[in-house]
Amino acid sequence: MGYTISQIADALGAEAAGDLGLVVSGPAEPAAASADHLALAMEKSYEQALGEGQAQAAILWDGADWQALGLRAAIFAPRSRYVMSGVTRVFEKPPEIESGIHPSSIIHPEVEIGENAAIGPFVVIGRGARIGANARILSHSTIGEDARIGDDALLYQGVHIGARIEIGDRCIAQAGCVIGSDGFSYVTPKPGAVEEARATGKITEASRSDGFARINSLGSVTIGDDVEFGANCTIDRGTIANTTIGDGTKLDNLVQVGHNVVVGKTCLLCGQVGVAGSTVIGDRVVLGGQVGVADHLSIGSDVVVAGKSGVSSNIPPGRVMMGNPAMKMDLNVESYKALRRLPRLVARVLDLEKRVSKRD
């Protein structure tokens, strides 16, 4: 199924020119586009690649001369990546799942299922759970007792939602997510090696322990509306209070959120981010890939932490942080420059030592 240039422009709220009735089958990179594709040439740097393809229509940068480029039609993109978001929505191919409840699913009689919900093969839903209207749950997923799944939720294959977990509307969880696993929380009968190391910087025989006592997770996980989880995310339930993730927050693949963590609204946690227990993260925070955040910290709103940084202390609002340990970006850059100068500095010091020794 294709769309006309007019339909696509209307969906994007963008301006278009040329043959607005021209039908395209889907988007493509400029150099690889065939005649029925919509070439995505939203920056001037794509001009040469556009000439290498066969597209008759393209999304172009503001001010582009579409006729000189040999096109029959064009859509203009003042903000290319935002337009990309709209294009992918227009041409999205949602997962196929038949309406209703698949006969192989196992659903407790006391489960409440909203109107138009679709539940795929081999799904298991526990007693007292509530599934919202229009929710789609793909095969081999499990939902624990008394869990709440909001309207229009989309759970891909093999998603596991624990007991008493609350998930808001329009949540998307990619394959393999585990939301509501027990927190990693243990204690030794007497003060252990970690406590001694923190207090004294040493580890002695006095702090040796023969084992650990489990601290059970009695809390739950509360997820807001419009939250998305990448594949194989893991979110631990709270010890007493709930682990919480605010509205509009997006988590990439392989993100780990520990017990009692609070994540604010509209945050981005990129791939392999790990947040240790009881840390509080404000609104609109961006944690780059592989950022590690220690336990019991506070990260203020509007903070950006560059990838692979290690956060080991509180961060006030509005900071851009980088490095390990994470520090303000300008200080990290200066530290890096100084580190690169160290070999030359050492060589100069050695040379000066030789000169002084000769004088002696």
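I take a patch to be made of residues with over 30% relative accessible area and no salt bridge, like charges being joined within 9 Å and nonpolar side chains (Val, Leu, Ile, Met, Phe, Trp, Tyr) within 5 Å. The model is predicted, so I note that local features need pLDDT of at least 70 and side-chain atom pairs count only at pLDDT 80 or more, while totals for chains, interfaces and linings use all residues. Residues are numbered from 1 along each chain as its sequence is written, and side-chain values use heavy atoms, with hydrogens and water left out.

**Surface patch.** I looked up the nonpolar patch first, and found that Tyr-336, Leu-339, Leu-342, Leu-345 and Val-349 form it on the surface, with about 470 Å² of accessible area together (Shrake-Rupley method, 1.4 Å probe, only the protein chains shown counting as cover for residues). Of these I checked Val-349, which is found in helix α5, residues 329-359 (helices are DSSP runs of H or I of at least four residues, strands runs of E of at least two, both numbered from the N terminus). Val-349 has a relative accessible area of 38% and is therefore partly exposed (buried means under 20%, exposed over 50%, partly exposed in between, with a 1.4 Å probe and protein chains only).

**Salt bridges.** I then counted 10 salt bridges, each being a side-chain nitrogen of Lys or Arg within 4 Å of a carboxyl oxygen of Asp or Glu. In helix α5, Arg-355 and Asp-351 meet through their side chains at 3.1 Å, N to O; because they are 4 residues apart in that helix, about one helical turn separates them. Asp-182 and Arg-214 form another salt bridge, at 3.0 Å from N to O, and this pair links distant parts of the chain, with Asp-182 in the loop between β21 (178-181) and β22 and Arg-214 in strand β23 (residues 213-214), 32 residues apart. The side chain of Asp-182 also meets that of Arg-237, at 3.9 Å from N to O, and here the partners are 55 residues apart, Arg-237 being in the loop between β26 (234-236) and β27 (243-245). I record Asp-182, Arg-214 and Arg-237 as linked in a network of salt bridges. Asp-182 is partly exposed at 40% relative accessibility, and Arg-214 is partly exposed at 42%, whereas Arg-237 is buried at 4%.

**Thr-188.** Leaving aside neighbours within four places in sequence, Thr-188 is in contact with Glu-195, Ser-209, Gly-211 and Phe-212 (heavy atoms within 4.5 Å).

**Strand β7.** Strand β2 (residues 16-18) pairs with β7 in the antiparallel sense over 3 bridges, DSSP having to find at least two bridges for a pairing, and Ala-17 stands opposite Ala-74. Strand β6 (residues 57-61) pairs with β7 in the parallel sense over 5 bridges, with Ile-59 opposite Ile-75.
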